[in-house]
Amino acid sequence: MPETFASVGELTVAALPGYVPRLLRSVDTEDYAEYRADGGYRTLTSPDALLDAVRRSGLRGRGGAAFPLAVKLRTVHDAHLRGDATVVVANGEEGEPASVKDKWLMRKRPHLVLDGLRLAAAVAGARRAYVYVSDEESARRIDAALTELDGAGIAEVAIELVTVAPGYVAGEETAAIRAIDGGPAKPSDKPPRPFERGVGGAPTAVSNVETLAHLPFVHRYGGAEFRALGTADSPGTFLATVTGAGRTPALYELPHGIPFTDLLALHGVSPEVVSGALMGGYFAGPAGREILGATLDHTSLAALGSGLGCGAIALLTCECPVAVAAAVLSYFDRENAGQCGSCFNGTAAMAAAASALRDGRATTADVDRLRRWSVVLRGRGACGTLDGAANVATSLVTRFEAEVRAHLAGRCATCADGIYLADRPFDAQAVTIP
């Protein structure tokens, strides 16, 4: 059985048996005194040594792209050495509906997040830093923690809290830059990327809050110890938001590389009832039963044409994958920024085709168009929304051919019992955090 820290309301929070969690704790909300007593806010004697430790740790971003943190920090650090003012941003705008990990960290361990931001700022030579968030309760907890820091006299970097309205595209890094600069929380074209020109035109390192939350561990124990768990390509632990299969939504801390079936056992779900999973939240699209043979790391999932993304995993059991894909594509259609014609029109077209297929109104030509769009529309948007929609469409037409044929013929047994309709399938953002 997992070591369960909380199972109240609508969210179970637990660690894998036999592992000492690095991020999850049995806490209400950790205050400054508790965090400091546990070794937090340790003196940083050498930013360069910490940067080297981050490089050796292999820590990759936990927001979705899995970009090496050391590379991002090194780039901004080098800009600082050239004399540029630099900025660091903790991105807590968790726009992915199937994920709740960042919200939990900010609400329960705000000082862990702020400590990581402090360390990142020191490495990058930044005197300004921001926490960017939309969840009101997370903002309140972060603000209270910042007040505690002021009272404790910790002022190595000026940290400002920036709040925005929630939205799927609002968490994209260039959207964060625009919002912090007073504009709309919508993506902008790249290049330049934030590490080249970000907040106020300064080189800026934008990192997901879970990514930053790992930095105090690296600072305290070093890069080699960070690698003691995980795989060579995906070192360390990660937070997984797991929904579906009729179970209470859960937040688990897991070492990279564990078998997918071990996660099912932890969650109390038999592999026999699992028909697939939405991986990485909505972005990677639905995987079929081939996911049962995967391990939870970037290399294994990439080999399946899938991805770990932000760590959100929605289990498919009795749901029709055609209906689930249609719901996700409709969500992308509603949530796109409305700035790129290819995305605005492309997500609408793919959503319409998938919905027609779900409802028994599609033809083979419609499916062929959906397949073609999933290829030709990739890379045409300013952010990942259109690529995410293309991933869903590709997964649907290639991994669930039998279900697609059944819908073309009007013979889907699952949908005969009631079409699966949801604006935000497997919505973890609505759960209660105990």
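This is a predicted model: local features need pLDDT of at least 70, side-chain atom pairs count only at pLDDT 80 or more; totals for chains, interfaces and linings use all residues.
Start at the second largest pocket, whose volume is about 400 Å³.

**Stop 1: the pocket.** Select Arg-22, Arg-25, Phe-217, Arg-220 and Tyr-221, which lie nearest the centre of the second largest pocket among its 26 lining residues. Two elements, helix 5 (110–124) and helix 9 (215–221), each give two or more residues to this lining. Helix 9 provides the largest share, five residues. Colour the lining by residue class, and it divides into 13 nonpolar, nine charged and four polar residues.

**Stop 2: helix 5.** Select residues 110–124. Step past the end of helix 5 to Gly-125, where phi is positive, near 70°.

**Stop 3: two cis bonds.** Next select Lys-190, Pro-191 and Pro-192. The peptide bond joining Lys-190 and Pro-191 is cis, with omega about 0°. A cis bond with omega about 0° also joins Pro-191 and Pro-192. Pro-191 sits in the loop between helix 7 (173–180) and strand 6 (204–208), and Pro-192 is found in the loop between helix 7 and strand 6 as well. Most peptide bonds are trans, and most residues other than glycine have a negative phi.

Stop 4: Go to Ala-245, in the loop between strand 7 (237–244) and strand 8 (250–255). Its phi is positive, near 60°. Then select Phe-426, in the segment after helix 18 (413–416); its phi is near 55°, again a positive value in a residue other than glycine. Phe-426 counts as buried because its relative accessibility is 10%, under the 20% cut-off.

**Stop 5: Arg-399.** Finish in helix 16 (residues 385–399), which contains Arg-399. This arginine counts as partly exposed because its relative accessibility is 22%. Which side chain makes a polar contact with the side chain of Arg-399? It is that of Glu-290, at 3.3 Å. Show the other residues that Arg-399 touches beyond four places in sequence, among them Pro-286, Ala-287, Gly-288, Leu-304, Gly-305 and Ser-306.

Terms used
Residues are numbered from 1 along each chain as its sequence is written. Side-chain values use heavy atoms; hydrogens and water are left out. Helices (H or I, at least four residues) and strands (E, at least two) are DSSP runs, numbered from the N terminus. Buried means under 20% relative accessible area, exposed over 50%, partly exposed in between (1.4 Å probe, protein chains only). Contact means heavy atoms within 4.5 Å. A polar contact is a pair of N or O atoms within 3.5 Å; within protein, one must be able to donate a hydrogen and the other to accept it, and residues adjacent in sequence count only if both atoms are side-chain atoms. On a 1 Å grid over the protein atoms alone, a cavity is a set of points where a 1.4 Å probe fits but cannot get out, and a pocket is an open set with protein on both sides within 12 Å along at least five of seven lines; lining residues have an atom within 4 Å of a point. Grid points are joined across faces, edges and corners, and a volume is the space filled by probe spheres set on the points. Ala, Val, Leu, Ile, Met, Phe, Trp, Tyr, Cys and Pro count as nonpolar, Asp, Glu, Lys and Arg as charged, and the others, Gly among them, as polar.
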